[in-house]
Amino acid sequence: MSPRLARIGIETSQKLGRHRWVVERSIAWLAGYRRLTIRYERRADAFKGFLALAAALTCFKKLKQAK
């Protein structure tokens, strides 16, 4: 989905921003991991690995709460 602006007289702005909130919430969950907020890793592959691990842990925690 590409970003868009509400055009005057054609569409309302009430529906806009709905998807952005989901992204902001996900970034906030990942910001809970200190190693990702302050980038200690100099190598991009190590940072990408920790990012994938944080995403997996976040999904695991949310699925465990849903039970």
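Which helix holds arginine 35? Arginine 35 is found in helix H2, residues 34–37. The legends below describe a predicted model, in which local features need pLDDT of at least 70, side-chain atom pairs count only at pLDDT 80 or more, and totals for chains, interfaces and linings use all residues. Residues are numbered from 1 along each chain as its sequence is written, and side-chain values use heavy atoms, with hydrogens and water left out.

**View 1. The whole chain.** The chain has 3 helices and 0 strands, in the order α-α-α along the sequence. Helices (H or I, at least four residues) and strands (E, at least two) are DSSP runs numbered from the N terminus. Of the 67 residues, 6% count as buried; buried means under 20% relative accessible area, exposed over 50%, and partly exposed in between (1.4 Å probe, protein chains only). Accessible areas come from the Shrake-Rupley method with a 1.4 Å probe, and for residues only the protein chains shown count as cover. Among contacts (heavy atoms within 4.5 Å) between residues at least 6 apart in sequence, 27% join residues at least 24 apart.

**View 2. Surroundings of arginine 35.** Arginine 35 counts as partly exposed because its relative accessible area is 41%. Leaving aside residues up to four places away in sequence, arginine 35 touches Tyr40, Glu41 and Phe50. Arginine 35 and phenylalanine 47 are 12 residues apart in sequence, with 8.8 Å between their C-alpha atoms.

**View 3. Nonpolar patch.** Phe50, Leu53 and Leu57 make a nonpolar surface patch of about 240 Å². Patches are made of residues with over 30% relative accessible area and no salt bridge; like charges are joined within 9 Å, and nonpolar side chains (Val, Leu, Ile, Met, Phe, Trp, Tyr) within 5 Å. Phenylalanine 50 belongs to helix H3, residues 44–66, and is partly exposed because its relative accessibility is 32%.

**View 4. Positive patch.** Arg25, Lys61, Lys62 and Lys64 form a positive surface patch. Lys and Arg count as positive and Asp and Glu as negative, while His and the chain ends are not counted; the place of a charge is NZ of Lys, CZ of Arg, CG of Asp or CD of Glu. H3 gives the largest share of this patch, 3 residues. Arginine 25 lies in helix H1, residues 18–30.

**View 5. Salt bridge.** The structure holds 1 salt bridge, defined as a side-chain nitrogen of Lys or Arg within 4 Å of a carboxyl oxygen of Asp or Glu. The side chains of arginine 43 and aspartate 45 meet in a salt bridge at 3.1 Å, N to O. Both arginine 43 and aspartate 45 are exposed.
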